[in-house]
Structure formats: structure tokens, C-alpha cells
Amino acid sequence: MKTFLLTVAACGLLLTGTAKEPLYRDPTAPLAERVDDLLSRMTLREKLGQLSQPLYRSDDTTLDARITRGEVGSLVVAHGSALAPAERDRLQRIAVERSRLGIPVLFGFDVIHGYRTLFPIPLGIAASWNPELAEASARIAASEASACGIDLTFSPMVDVARDPRWGRISEGSGEDVLLNAVFGAALVRGYQGDDPSKQGRIGACVKHFVGYGAALGGRDYQFTELSERALRETYLPPFKACVDAGAVSVMSASVSYTHLTLPTKLE
């Protein structure tokens with residue numbers, strides 16, 4: 001009997017030691033297949049958790065437990081120096097080692113016109129008419145932000161803005177569609193390079209989808225009236241240029257739409 005139990009235990013250890021890792025953990029597998037495999041294993045709560053992006057607060061006593069349950073996909077860091085490296089490492093270990101699926105947490109910060117090294121505001125950079133300079137400034141900002149543990153920047157803003165009363169014009173490239181498209185794509189390339197996961201690179205988040213700059217009266221979070229023609233000719237092209245440049249994420253607009261007719265297909 002003792003021999004039988006020892007044999008069973010040995011077989012169990014052997015099977016445990018040779019258990020195959022899930023496909024989504026295999027870095028050599030095609031990305032699309034890894035994503036499909038991961039999604040197939042996620043509960044609805046975990047999927048919703050990946051859409052959750054709370055503000056990081058050092059006094060948040062619930063954060064560790066929420067990360068452990070897979071209920072936090074990313075964190076917004078309010079100030080670049082607010083999250084110490086040791087604290088970021090601790091939170092990331094919770095996500096990778098304690099949560100059921102081990103999905104890392106992303107740390108996002110508003111790297112708008114530089115991180116430690118400050119550059120002119122995006123509107124000022126656009127006035128240079130030199131997208132290569134814009135790309136270079138984003139590359140430097142990404143290198144500095146990445147070294148401080150930032151994974152994602154909420155930039156570029158490509159809202160075509162033609163009302164000088166709107167206070168967020170400084171974040172974009174002004175009133176011209178082409179200028180927003182060209183400079184937005186240049187910033188995406190500067191932040192991400194050919195692979196946003198590489199050292200010294202961060203992911204770009206293009207904002208605000210869509211028509212945020214058309215808020216009535218130039219008032220933030222105001223109603224917006226958009227026709228399909230306005231969408232196609234003015235507000236969508238800069239986003240397409242940034243997505244074509246490889247942008248990994250897009251931020252939704254903070255407006256209420258009235259009389260908005262969305263096209264049935266966005267080529």
C-alpha cells in the first residue's frame with residue numbers, strides 16, 4: 001500500500017512539473033491566438049476589470065485586493081513622481097503573481113509635452129511645421145517616462161479645434177485637419193517606435209474619439225452636433241492617421257452628442 005501511494009505521489013509530481021503553460025503565456029505564439037486564448041479564460045468580472053482605470057492613490061486601502069481579483073486593468077498616475085519605483089514593483093507583483101490570470105497592470109500618465117525634459121506645448125510644436133521635431137520630442141519623453149515606470153501616455157490629442165474659447169486647444173495641433181493627422185502620427189511613432197513594449201518606449205493613447213473639439217460654445221463637456229460629412233472630412237482623418245501609425249489605444253470623448261449620425265462603415 002505504501003509503495004502504491006509513493007508511486008501515485010511521484011506520478012503527480014511528474015505531471016505537475018510537465019504541465020503545459022496556457023497558450024496566452026507563450027511569447028512565441030501569434031499575438032491574436034494568445035489574446036483569443038486569454039479572453040476565453042476570463043470571467044465577465046475580469047473582462048470588466050481590464051476596462052477599469054482608477055486613479056492611483058497611496059491611501060487606497062482596497063487597491064491590493066482589487067488587483068488580486070483582476071478588477072484593475074490600469075492605473076492613472078496623477079503626478080509623475082507620485083508612484084515610487086518600489087511601490088510600482090509591489091503592485092505589479094500582486095497583479096502578476098497573485099491574480100488568477102497574472103495580467104500585468106498598466107501605469108498611465110499625461111506625458112503631453114515632455115516628462116522631465118519639457119518641450120513646447122503641442123500647439124507650439126505644430127507651429128514649427130516640422131513633424132520630425134515632434135517625433136523626436138516624443139521619443140525623448142517616452143525614454144524618460146519609461147525609465148520611471150510609465151507604460152502609457154494619454155497623448156496625442158488630435159481634436160480639430162476651431163473655437164478659440166475651448167480651453168484644451170493647447171493639447172492639439174489647431175484647426176487644420178492635415179496638421180493634426182501628420183503631427184499626431186509623428187507623436188505616435190515617437191512614443192512607440194516599432195514596438196511600444198521595448199525599453200525606452202511607451203504606448204500612445206489618441207484622444208478624444210470623436211469630435212471633442214467641436215463642443216458647442218467652446219465649453220468643455222458640452223453638447224456636440226456632428227453630421228456624417230463633418231465626421232468624415234474633419235474629425236475622423238487624424239484618428240485614422242494615428243491608428244495607421246500603430247497607436248495602441250484610443251480615448252473616448254467627454255461630450256454629449258446631439259443629432260449625431262454615425263457612418264455605417266468607417267474605412
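**Exercises on cysteines, salt bridges and a surface patch**

At 33% relative accessibility, Cys148 counts as partly exposed, a class that lies between buried (under 20% relative accessible area) and exposed (over 50%), computed with a 1.4 Å probe and protein chains only. The model is predicted, so local features need pLDDT of at least 70 and side-chain atom pairs count only at pLDDT 80 or more, while totals for chains, interfaces and linings use all residues. Residues are numbered from 1 along each chain as its sequence is written, and side-chain values use heavy atoms, with hydrogens and water left out.

**Exercise 1.** Classify Cys205 as buried or exposed, and state how many disulfides the structure holds.

*Solution.*
- Step 1: Cys205 has 5% relative accessibility and is therefore buried.
- Step 2: A disulfide is a covalent bond between the sulfur atoms of two cysteines.
- Step 3: The criterion is a pair of cysteine sulfur atoms within 2.5 Å.
- Step 4: The number of disulfides in the structure is zero.

**Exercise 2.** Describe the salt bridge between Glu233 and Arg229 and their places in the helix.

*Solution.*
- Step 1: A salt bridge requires a side-chain nitrogen of Lys or Arg within 4 Å of a carboxyl oxygen of Asp or Glu.
- Step 2: For Glu233 and Arg229 the N to O distance is 3.1 Å.
- Step 3: Both residues belong to helix α9 (residues 228-235), and because they are four residues apart, about one helical turn separates them. Helices are DSSP runs (H or I, at least four residues), numbered from the N terminus.
- Step 4: Glu233 is partly exposed at 48%, whereas Arg229 is exposed at 60%.

**Exercise 3.** Compare the accessibility of the partners in the salt bridge of Lys198 and Asp194.

*Solution.*
- Step 1: The closest N and O atoms of Lys198 and Asp194 are 3.3 Å apart.
- Step 2: Lys198 has 42% relative accessibility and is partly exposed.
- Step 3: Asp194 is exposed, with 68%.
- Step 4: By the salt-bridge rule the count comes to 21. Asp110, Arg168, Glu171 and Lys207 are linked in a network of salt bridges.

**Exercise 4.** Which residues make the nonpolar surface patch of about 270 Å²?

*Solution.*
- Step 1: Patch residues have over 30% relative accessible area and no salt bridge; nonpolar side chains (Val, Leu, Ile, Met, Phe, Trp, Tyr) are joined within 5 Å, like charges within 9 Å.
- Step 2: The patch is made by Leu31, Val35 and Leu39.
- Step 3: Leu39 lies in helix α2 (residues 31-41) and is partly exposed at 40%.

How values were computed:
Areas by Shrake-Rupley, 256 points an atom, 1.4 Å probe, with all protein chains shown as cover. Helix = DSSP H or I, 4+ residues; strand = E, 2+ residues; numbered from the N terminus.
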